[in-house]
Amino acid sequence: PQIEFGSGRIIGMEALVRWRHSRLGLLQPDQFIPLAEQSGLILPLGEWITEEACRQTQQWRTAGLPPLRVAVNLSGRQFNARNLIPSIERALANTGLPPDCLEVELTESSLMESSENTIATCSALRAMGVHLAIDDFGTGYSSLAYLRSFPLDRLKLDRSFVRDIESNPDDLTIARAIISLGHNLRLGVVAEGI
């Protein structure tokens with residue numbers, strides 16, 4: 001869940017995939033996503049994750065829960081795939097979820113891969129009404145120029161800056177700076193792992 005700090009209310013959620021393996025038990029994403037990336041299976045897996053996240057969110061909306069936004073991580077390979085926009089359009093159409101209830105999360109490195117294509121893809125997603133966030137902000141290639149180049153809605157402050165915020169004054173300084181930067185650029189800020 002994503003909780004608004006001031007009110008304590010749930011304002012959104014992030015879809016996180018796990019693999020329930022028959023022998024190894026519950027596997028975390030870092031245990032299988034790199035292999036899915038290398039093999040190309042990330043493309044059908046990513047489409048499935050997006051559609052399932054949209055389906056579940058729409059089921060909750062239909063059941064009368066307040067409208068919430070669901071965030072879905074996109075890998076660099078997914079983001080640069082030719083079928084990204086049609087696959088997101090299909091997921092929204094198949095589930096009936098309004099586009100403004102979906103947020104795609106991109107890493108800083110995936111934004112840097114191909115600037116012209118990246119701007120076009122981000123613009124197409126925004127034109128659909130889908131929200132855009134930078135995941136794990138502050139841990140990748142942090143050229144701040146892209147914050148004004150891409151049509152972003154939110155920064156997600158990486159949990160590595162949040163985890164030791166009470167004991168490490170440097171983490172507190174970094175967190176405050178990123179929050180201030182985001183707010184001054186009229187972006188929402190999510191601190192992960194609180």
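Colleague: Is Lys156 buried or exposed?

Modeller: Lys156 counts as buried, at 1% relative accessibility. Buried means under 20% relative accessible area, exposed over 50%, and partly exposed in between, with a 1.4 Å probe and protein chains only. This is a predicted model, where local features need pLDDT of at least 70, side-chain atom pairs count only at pLDDT 80 or more, and totals for chains, interfaces and linings use all residues. Residues are numbered from 1 along each chain as its sequence is written, and side-chain values use heavy atoms, with hydrogens and water left out.

Colleague: Which side chain meets Lys156 in a salt bridge?

Modeller: Glu14, at 2.6 Å, N to O. Glu14 lies in strand 2 (residues 10-15) and Lys156 in strand 8 (residues 154-157), so the pair ties together parts that are 142 residues apart in sequence. Glu14 is partly exposed, with a relative accessible area of 23%. A salt bridge here is a side-chain nitrogen of Lys or Arg within 4 Å of a carboxyl oxygen of Asp or Glu. Helices (H or I, at least four residues) and strands (E, at least two) are DSSP runs, numbered from the N terminus.

Colleague: How many salt bridges by that rule?

Modeller: The count comes to nine. Another of them joins Glu103 and Arg154, at 2.6 Å, N to O. That pair links strand 6 and strand 8, 51 residues apart. Glu103 is buried at 1% relative accessibility, and Arg154 is buried at 13%. Bridges that share partners also join Glu14, Glu105, Lys156 and Glu192 into one network.

Colleague: Switching to helix 4. Which of its residues are buried?

Modeller: Leu84, Ile85, Ser87, Ile88, Ala91, Leu92 and Thr95. They pack against helix 2 (42-62), helix 3 (76-79), strand 6 (102-107) and helix 6 (115-128), contact meaning heavy atoms within 4.5 Å.

Colleague: What comes just after helix 4?

Modeller: Gly96, which takes a positive phi of about 80 degrees.

Colleague: And how many aromatic pairs does the structure hold?

Modeller: One. Trp19 and Phe32 sit edge-to-face, 5.7 Å centre to centre with 85 degrees between the planes. Rings of Phe, Tyr and Trp (its six-membered ring) pair if their centres lie within 6.5 Å; planes under 30 degrees apart count as stacked, over 60 as edge-to-face and the rest as tilted.

Colleague: Is Phe32 buried or exposed?

Modeller: Phe32 is buried, at 8% relative accessibility. Trp19 is partly exposed, at 42%.
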